[in-house]
Amino acid sequence: MYENSFPNKRFKHTIEFLKKHVSNSETVLDLGVVNPFTKIMKDHGFIVENTKGEDLDEDTSTIKNANAEVVTAFEIFEHLLSPYTVLKAIKGDKLVASVPLKLWFSSAYRSKTDMLDRHYHEFEDWQFDWLLEKAGWKIIDRKKWTNPPKKLGIRPILRHFTARYYIVYAERI
């Protein structure tokens with residue numbers, strides 16, 4: 001997935017936000033398979049277990065059976081047809097989740113070679129907030145940031161000013 005680029009800025013913002021809201025003593029279930037950010041979380045002292053690559057739209061048993069105090073979902077919900085079901089299945093009381101925001105000047109991401117690497121949803125911030133609230137979560141903190149590429153053109157210029165990522169810390173109501 002990260003053959004030609006590594007999202008250093010996103011990872012930096014994400015780990016800072018996570019450290020702000022989650023203690024190293026709390027256990028974490030990270031939705032998604034082990035990935036480069038899993039290593040970053042572990043390097044920062046977090047106790048992390050990942051889901052195993054099952055289709056979370058179809059099978060939430062790992063989530064339901066987890067004893068983690070915190071669930072993290074970094075760039076996961078946009079790939080699901082029904083993130084509501086996953087959010088309802090979480091037993092823990094804390095959630096840290098990030099999503100790419102919908103960009104008005106760019107269509108949704110879709111890999112041509114990997115069926116799992118596609119965005120069914122690209123949220124506006126209010127849509128993600130509404131989804132969380134409807135699923136029983138109260139947003140305590142949120143942050144957005146841009147992700148400008150090192151390219152020339154109209155869209156790369158717009159990415160300097162338009163937030164691309166949205167992260168929230170929420171607690172179960």
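Start with aspartate 141. Leaving out residues up to four places away in sequence, aspartate 141 touches Phe17, Lys20, His21, Ile167, Val168 and Tyr169. Keep in mind that this is a predicted model. Aspartate 141 lies in strand E5. Is aspartate 141 buried or exposed? Buried, because its relative accessible area is 17%, and the cut-off for buried is under 20%.

Take histidine 21 first. Its side chain makes a polar contact with the side chain of aspartate 141, at 2.7 Å. Now lysine 20. Lysine 20 forms a salt bridge with aspartate 141, and the closest N and O atoms are 2.9 Å apart.

In general, side chains of opposite charge can pair when their charged atoms come close. How many salt bridges does a search of the whole structure find? The search finds 8.

Here is one inside helix H1. Glutamate 16 pairs with lysine 12 in a salt bridge, with 3.2 Å between the closest N and O atoms. Both residues lie in H1, which runs over residues 8-21. They are 4 residues apart, about one turn of the helix. Glutamate 16 is partly exposed, at 39% relative accessible area. Lysine 12 is partly exposed too, at 47%.

Now back to strand E5 for another one. Lysine 144 and aspartate 125 meet through their side chains in a salt bridge, 2.5 Å from N to O. This pair links distant parts of the chain, with lysine 144 in strand E5 and aspartate 125 in helix H5, residues 125-134. The separation is 19 residues. Lysine 144 is partly exposed, with a relative accessible area of 40%. Aspartate 125 is partly exposed as well, at 25%.

Phenylalanine 77 lies in the loop between E3 and H4, and phenylalanine 128 in helix H5, so the pair ties together parts 51 residues apart in sequence. Phenylalanine 128 is buried, with a relative accessible area of 0%. Phenylalanine 77 also counts as buried at 0%.

Which residues do ring pairs link into a cluster? Phe77, Phe123, Phe128 and Tyr166. So much for the cluster.

What else does phenylalanine 77 touch? Beyond four places away in sequence, its contacts include Leu31, Pro83, Val86, Leu87, Val99 and His121. Alanine 97 is also on that list. Phenylalanine 77 and alanine 97 are 20 residues apart in sequence, with 8.4 Å from C-alpha to C-alpha.

That's my tour. Questions, please.

Notes. Residues are numbered from 1 along each chain as its sequence is written. This is a predicted model: local features need pLDDT of at least 70, side-chain atom pairs count only at pLDDT 80 or more; totals for chains, interfaces and linings use all residues. Side-chain values use heavy atoms; hydrogens and water are left out. A salt bridge is a side-chain nitrogen of Lys or Arg within 4 Å of a carboxyl oxygen of Asp or Glu. Helices (H or I, at least four residues) and strands (E, at least two) are DSSP runs, numbered from the N terminus. Buried means under 20% relative accessible area, exposed over 50%, partly exposed in between (1.4 Å probe, protein chains only). Contact means heavy atoms within 4.5 Å. A polar contact is a pair of N or O atoms within 3.5 Å; within protein, one must be able to donate a hydrogen and the other to accept it, and residues adjacent in sequence count only if both atoms are side-chain atoms. Rings of Phe, Tyr and Trp (its six-membered ring) pair if their centres lie within 6.5 Å; planes under 30 degrees apart count as stacked, over 60 as edge-to-face and the rest as tilted.
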